[in-house]
Amino acid sequence: MSAGSASSASSPAPHSEAAVEPQPLLLRVLTINTHKGLAPWNRRFMLGELRDAVRTTGADLVFLQEVPGEERREARNGRLATPHYEFLADQLWPQYAYGRNAVHVHGHHGNALLSRFTILEWRNHDISMAGAEPRGLLHCALDVPGLGALHAVCVHLGLREAQRQRELGLLKALIRDEVTAGAALVVAGDFNDWRGRADALLQDGCGLRSAFARLGGSRPRTFPARWPLLALDRIYVANLRVHSACVLSARPWPHLSDHLPLLAEVGA
């Protein structure tokens, strides 16, 4: 057979490749009290700068507290008439939910969650007490590829100790009644827990642990943003691993709100 005959050529051996290890799923979680878009001491409206800074974190889930859903004041000093959570979400977080808590003459504000993942359902639980500023717990169920169902609760608790104890009890009841046992859970926000009593209550009642405690760290100080003295803001998780957690204290964060944000990486 001639050398040029195709029938004489043997088939090449199949090329074998080393199996590629799947990368673990990591979710970046950010929480910040937006202070209605105002800088410390209410000196400037900083929502545009805040949005730019939040974008740089690469967060998948953003827990917002004290965020206006309606602002009826004149648009002076750059204030926005549109909901602040929609402005912050822009095109990076296509899914969001908002829980209205406090209604006032200029509109209303509450908690919000921005998400890169589908929010399957959400509900805002009114946990207000007579004679105190209205408060709520925003509970969202999300569909996260590679993880399945993820529950997220955005929290802003009261200023008085007795009020916080009651609200923490209601948070535990919400988790007991609405979160399936063993489901991935993130609870984050402004706990106003300057006495540090929430950790033991939440670990005892529903297996939640601070992201910082899981890494062997202490509660990070977040308030006031310029000279943080009090550990008011928290990220708690259950049925998730914590890979990293930090307080964002470098510029520009101390100039964007009266609270510093927390950022954590969590995964299955």
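Me: What classes of residue make up the lining of the largest cavity?
Reply: Two nonpolar, five polar and three charged residues. Ala, Val, Leu, Ile, Met, Phe, Trp, Tyr, Cys and Pro count as nonpolar, Asp, Glu, Lys and Arg as charged, and the others, Gly among them, as polar. This is a predicted model, where local features need pLDDT of at least 70 and side-chain atom pairs 80 or more, while totals for chains, interfaces and linings use all residues. Residues are numbered from 1 along each chain as its sequence is written, and side-chain values use heavy atoms, without hydrogens or water.

Me: Which residues line the largest cavity?
Reply: Among them are Glu66, Asn101, His109, Arg135 and His156. A lining residue has an atom within 4 Å of a cavity point, and a cavity is a set of points on a 1 Å grid over the protein atoms alone where a 1.4 Å probe fits but cannot get out.

Me: Which element gives the largest share of that lining?
Reply: β4, with three residues. Strands are DSSP runs of E, at least two residues, and helices are H or I runs of at least four, numbered from the N terminus.

Me: Other topic. Where is His35?
Reply: In the loop between β1 (27–33) and α1 (47–56).

Me: Is His35 buried or exposed?
Reply: His35 counts as buried because its relative accessibility is 13%. Buried means under 20% relative accessible area, exposed over 50%, partly exposed in between, with a 1.4 Å probe and protein chains only.

Me: And which peptide bond to Pro224 is cis?
Reply: The one from Phe223, with omega near -10 degrees.

Definitions and conventions. 1 Å grid on protein atoms, 1.4 Å probe; cavity = no way out; pocket = protein on both sides within 12 Å on 5 of 7 lines; lining within 4 Å.
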